[in-house]
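Open the model in your viewer and keep the selection tool at hand.

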Amino acid sequence: MHKVAIVILNWNGKELLEKFLPFLFCYTDSELAEIIVADNSSTDGSVSFLKEHYPAIRLIELVDNYGFAKGYNEALKLIKHEYVVLLNSDVEVSENWLVPMIDYLDRHPEIAACQPQILSWRKKNYYEYAGAAGGFIDKYGYPFCRGRIFNTIEKVNPAYADTINIFWASGACLLIRLKDFLHVGGFDEEFFAHMEEIDLCWRLKIAGRNIVCIPKSTVYHVGGATLTTENPQKTYLNFRNNLLMLYKNLPLNRRKRILFIRSILDYLAALEFFISGKAKNAEAVLKAKKDFVSMKKKYICTDNEKKIDSPYGIFPEIYSKSILYDYYIKKEKYFFRIFTQKENV
């Protein structure tokens, strides 16, 4: 059996498979890794394309479009490999992209998961929005990356070439030990899509496991979405799932205060959307808040309730200040200016 499974979750991504599978086959050791496509009930001919042109690929045909979270959960129930790479269909891998990550995890059993540095496919001397050189969050749950804060995306920076502990690894290219993925329950299927990898990584951290970024490995992601250009459905999922993630994972003695402040900030975000002419996005934020209130009831009976006075859920990779304040008020736009390894990692 192969040591690694590279699992691409596909939904109507035939054109992306045509474009990027050749790179994956060219730069992946076939003795080390098995390439698997889990198809979320595509209707664009993806399955017939794979059967005709890539018969060596193991194809898992799911019976419905389960979204990112459940789609991967269902697919990973069917594999037995030691390591799994969750790889977006719009990622172009590069030479020797996989081996540095496998070698590092082999030598560091305390590490559950990692990501490569993720660069922009369109502008390959820049980081990519969804992951860059490793993910972090601030105390109010706002995610950012080494190399990307909100809409400011940096050029590739030699200062970010070291392997460091991170808070979350991007779902665009996430390598994880299968036993760790299963131990913490996989992705939360209530999320459907967006923020599920941050929630997963938070649960890994709570379980005493670590996550790193390994910039010796490089991939290029088409991606490129930002909050200001998202459609209302993406806005809805991001805001709703972020609140669910905070509710699930924050220690009880901090949760009420953090969620109160987030409520104010979310109303301000809705107002900003409305003022800027994005009424549908403003409505999406309000709907996300309403649905969060009803959905959070599913998470009341968690281990979190038993850990009132513990440091449960608090980690050095969580920025202890407000990234919103630093970015918009202090006008600090770059990771290295506001979040140093010495202070936080």
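A disulfide is a pair of cysteine sulfur atoms within 2.5 Å. This model is predicted, and a search of the whole structure finds 0 disulfides.

Cys26 counts as exposed, at 55% relative accessibility. Now select Cys173, which is in no disulfide either; its nearest cysteine sulfur belongs to Cys114, 8.2 Å away. Cys173 is buried, with a relative accessible area of 1%.

Next, select Val7, Leu76 and Trp202. These have the most contacts inside the largest nonpolar core, a group of 73 residues. A second, separate core has 34 residues, among them Val4, Leu17, Val93 and Ile111.

Move to helix α4, residues 99-107, and show Pro100, Met101, Ile102, Tyr104 and Leu105, its buried residues. They pack against β1 (4-10), β4 (83-87), β6 (111-120), β12 (173-177) and β13 (210-221).

Where is space left inside? The search finds 2 cavities of 30 Å³ or more. For the largest, about 60 Å³ in volume, select α1 (14-26) and β5 (91-93), each of which supplies at least two lining residues. The largest share, 5 residues, comes from α1. The lining comprises 9 nonpolar and 2 polar residues, with no charged ones; Asn88 and Ser89 are included in it.

Finish at the second largest cavity, of about 30 Å³. Select Asp138, Lys139, Trp202, Leu250 and Ile318, the closest to its centre of the 10 residues that line this cavity. By class, that lining has 5 nonpolar, 2 polar and 3 charged residues.

Technical notes:
Residues numbered from 1 in each chain as written. Predicted model: local features only at pLDDT ≥ 70, side-chain atom pairs only at ≥ 80, totals over all residues. Heavy atoms only, no water. Core = buried A, V, L, I, M, F, W, Y, C linked by side-chain atoms within 4.5 Å. Buried < 20%, exposed > 50% of the residue type's maximum accessible area, 1.4 Å probe, protein only. Helix = DSSP H or I, 4+ residues; strand = E, 2+ residues; numbered from the N terminus. Contact = heavy atoms within 4.5 Å. 1 Å grid on protein atoms, 1.4 Å probe; cavity = no way out; pocket = protein on both sides within 12 Å on 5 of 7 lines; lining within 4 Å. Points joined across faces, edges and corners; volume = space filled by probe spheres on them. Nonpolar A, V, L, I, M, F, W, Y, C, P; charged D, E, K, R; others polar.
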